[in-house]
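Subject: Structure for you to look at

Hello,

Here is the structure I said I would pass on.

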Amino acid sequence: MTRPAHVPQDPASPEPADLDRSIARLLTVGTYASIALLVMGVALMLGTGIAPRSGGPRFDPQSLVSDLVALRPAGFLWLGLVAVVATPAARVVASLVGYSRRGERDMMLIAGLILVVIGLSVTLATVLEG
Amino acid sequence: MFDGLLLVVGGVVAGIFGSLLGLGGGTLIVPWLTLALGVPLIQAVGVSLVCVIVTSGAAAGVYLERHVANLRLGMTLELFTAIGALAGGLVAFLLPERFVQLMFGGLLIWVSISMARRREPARPAEPPTDASAVAPAVAEDAADSTATIPAPEIVRTDPSFIERLSGPGYHVHRLGFGVVGSLFAGVVSALLGIGGGTVKVPVMNVVMGVPLRVATATSNLMMGITASAGAIVYLVRGGIDPYIAGPTAIGVFLGASIGSRVAHRIHVSVLRGLFVAILLYTAWQMLQRALT
């Protein structure tokens, strides 16, 4: 028998089904947006005659905007790839907000810890690379 | 132009097979990129992780919308897959390529044997269209899975928390085993560029008593974060080539979309046989390269 969970709830807090639906939409939009950016990048890459196995530039956040403005394929490809990698993290942020509105502290803690691990990934990789 | 096409086509094939057989595309993408196109293994793994996130994002959205994936359970376990993936991603840059090739060859053989022994059709868990239809099906699956599993509490956990991880018609057991399995799945995912579903689904289904279709959907949801934690390390450390990742990810996305649409028209047992043959051949090639 499943005992009903006793969690404090705001009357306006989203139901679990609503949270699932919101996160589903976020994932779908994030994935489609990422793919759209990658399609742009690949179209520009092929249009400018760049061979895929010629060795692409490394990720450089500082040149991202200038690459995008100059319509360079690397700009769109990197933005698309960053969007791909960031979409799951955005889903965790959305869950954190949803669970905090429902007052579910244990799930808030888990969501927060996942974000800490993702933050650690970025930090450790950057430190080791630098 | 031809190379670009090859990458897209390889991605499409991996995406179709992956969605029809319930596997991530990584088991095919990594060998395709390394053996057929000569991409360095570390780059192939990075590209594969990106593709895993893309397929997870597309599929998990549908599973959540239809209330098949268990968000609470998925988030609890993915905390540990993410920790494992972070560790795996950091270690991957230190390991010799031959060692990773050997591990990948072993993985391919294991997946081939598991697929060959699978009795029921390996269709992707096609979720029913509404939540009311999901509940009885899940309860039925749950009856199957819990019937064979006694439920001693090996790891003591706050009962109210573990109860809230359970879903309609099933109870989650042995969270401790799930945590250990998730850590291992995360390490393997980041080392080999796979989603880790080959580890997570059996752990959730057989050990934790989660119905198979919920385990598959939840594993799919978790793959995004697992692969993401590993992919970040690859991205920052130069392990992802955008010119290779872009076309391959588009191909995988197209392939997964095609696969989900044609799933009902294809005789999966024939496809599975073909897939097992391809995996065994690829494993042979991978092991040969590692050992010579």
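This is a predicted model: local features need pLDDT of at least 70, side-chain atom pairs count only at pLDDT 80 or more; totals for chains, interfaces and linings use all residues.

Residues are numbered from 1 along each chain as its sequence is written, chains are lettered from A and ligands numbered from 1 in the order in which they are written, and side-chain values use heavy atoms, with hydrogens and water left out.

Chain A

Chain A contains four helices and zero strands; helices (H or I, at least four residues) and strands (E, at least two) are DSSP runs, numbered from the N terminus. Of its 130 residues, 36% are buried, where buried means under 20% relative accessible area, exposed over 50%, and partly exposed in between (1.4 Å probe, protein chains only). Among the contacts in chain A with a separation of 6 or more, 67% are between residues 24 or more positions apart; a contact means heavy atoms within 4.5 Å.

The accessible surface of chain A is about 6700 Å², with 68% of it on carbon and sulfur atoms. Such areas come from the Shrake-Rupley method with a 1.4 Å probe, and for residues only the protein chains shown count as cover.

Asp18(A) sits in helix α1 (residues 16-47) and is partly exposed, at 33% relative accessible area. Its C-alpha atom is 28 Å from that of Leu81(A), which is 63 residues away along the chain. Leu124(A) belongs to helix α4 (residues 105-129) and is partly exposed too, because its relative accessible area is 31%. Leu124(A) is also one of the residues in a nonpolar surface patch, together with Leu109(A), Leu113(A), Val116(A), Leu120(A) and Leu128(A), with about 510 Å² of accessible area in total. Patches are made of residues with over 30% relative accessible area and no salt bridge: nonpolar side chains (Val, Leu, Ile, Met, Phe, Trp, Tyr) are joined within 5 Å, like charges within 9 Å.

Chain B

Chain B has twelve helices and zero strands. Buried residues make up 61% of its 292 residues. Its accessible surface comes to about 10700 Å², 67% of which belongs to carbon and sulfur atoms.

Is Ser182(B) buried or exposed? Ser182(B) counts as buried, because its relative accessibility is 2%. This residue is found in helix α8 (residues 175-192). Beyond its neighbours within four places in sequence, Ser182(B) touches Leu77(B), Phe80(B), Thr81(B) and Met222(B).

Between the chains

In the interface, 61 residues of chain A are in contact with 55 residues of chain B. The two chains bury about 5300 Å² between them, 73% of it on carbon and sulfur atoms; buried area is the accessible area (1.4 Å probe) that two parts lose on being put together, summed over both. On the chain A side, Pro52(A), Arg53(A) and Val85(A) lose the most area to chain B, together 12% of what that side buries.

There are four salt bridges between the chains, a salt bridge being a side-chain nitrogen of Lys or Arg within 4 Å of a carboxyl oxygen of Asp or Glu. Arg72(B) forms a salt bridge with Glu104(A), with the closest N and O atoms 2.5 Å apart.

The core

The largest nonpolar core holds 113 residues, and Leu33(B), Met75(B), Met208(B) and Val210(B) have the most contacts inside it. Helix α10 (residues 212-236) of chain B gives the most to this core, with 14 residues. A nonpolar core is a set of buried Ala, Val, Leu, Ile, Met, Phe, Trp, Tyr and Cys residues joined through side-chain atoms within 4.5 Å.

Regards
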